[in-house]
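This report goes through a chain from its overall fold to its surface. Keep the sequence and the structure in view while reading.

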Amino acid sequence: MSVHDELTSVQRCLDDLHRSIGRLEQQIGSGGLEMRRVRTDADHLRDSLRLLREAASQPASQSRPDLVTISDTPYDISLWTDSDDEGLGARDRHAP
């Protein structure tokens, strides 16, 4: 199966899921947190599939970002003189 066929199959399954969730909401109501969570998760799946379709339709050369070379030379230590250590605060101050 091609990627397009697989994506179409997944779309059909998501459409079935969407209809099933609608019927379930009619039976048990849509006010509960669990039902809202299921609806939101199904909507996220639909959005993710849309993004996947867009990514699959782009040529392979456009989907890969250009590589950036990072030098092995150390950073200038003066860049960090007035910075805070994450979770520890500033070097010259103490926790209460």
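A contact means heavy atoms within 4.5 Å. Helices (H or I, at least four residues) and strands (E, at least two) are DSSP runs, numbered from the N terminus.

## Basis of the values

This is a predicted model, in which local features need pLDDT of at least 70, side-chain atom pairs count only at pLDDT 80 or more, and totals for chains, interfaces and linings use all residues. Residues are numbered from 1 along each chain as its sequence is written, and side-chain values use heavy atoms, with hydrogens and water left out.

## Fold

The chain has three helices and zero strands, in the order α-α-α along the sequence. Among contacts between residues at least 6 apart in sequence, 49% join residues at least 24 apart.

## Helix α2

Helix α2 covers residues 33-57. Its 25 residues should span 36 Å at 1.5 Å a residue, where the expected span is 1.5 Å times one less than the number of residues. The end C-alpha atoms are 36 Å apart, which agrees.

Buried means under 20% relative accessible area, exposed over 50%, and partly exposed in between (1.4 Å probe, protein chains only). Of the 96 residues of the chain, 9% count as buried. In α2, the buried residues are Met 35, Arg 39, Ala 42 and Leu 49. Their cover includes α1 (3-28).

## After the last helix

Tyr 75 lies in the segment after α3 (60-63). Is Tyr 75 buried or exposed? Tyr 75 counts as exposed because its relative accessibility is 63%.
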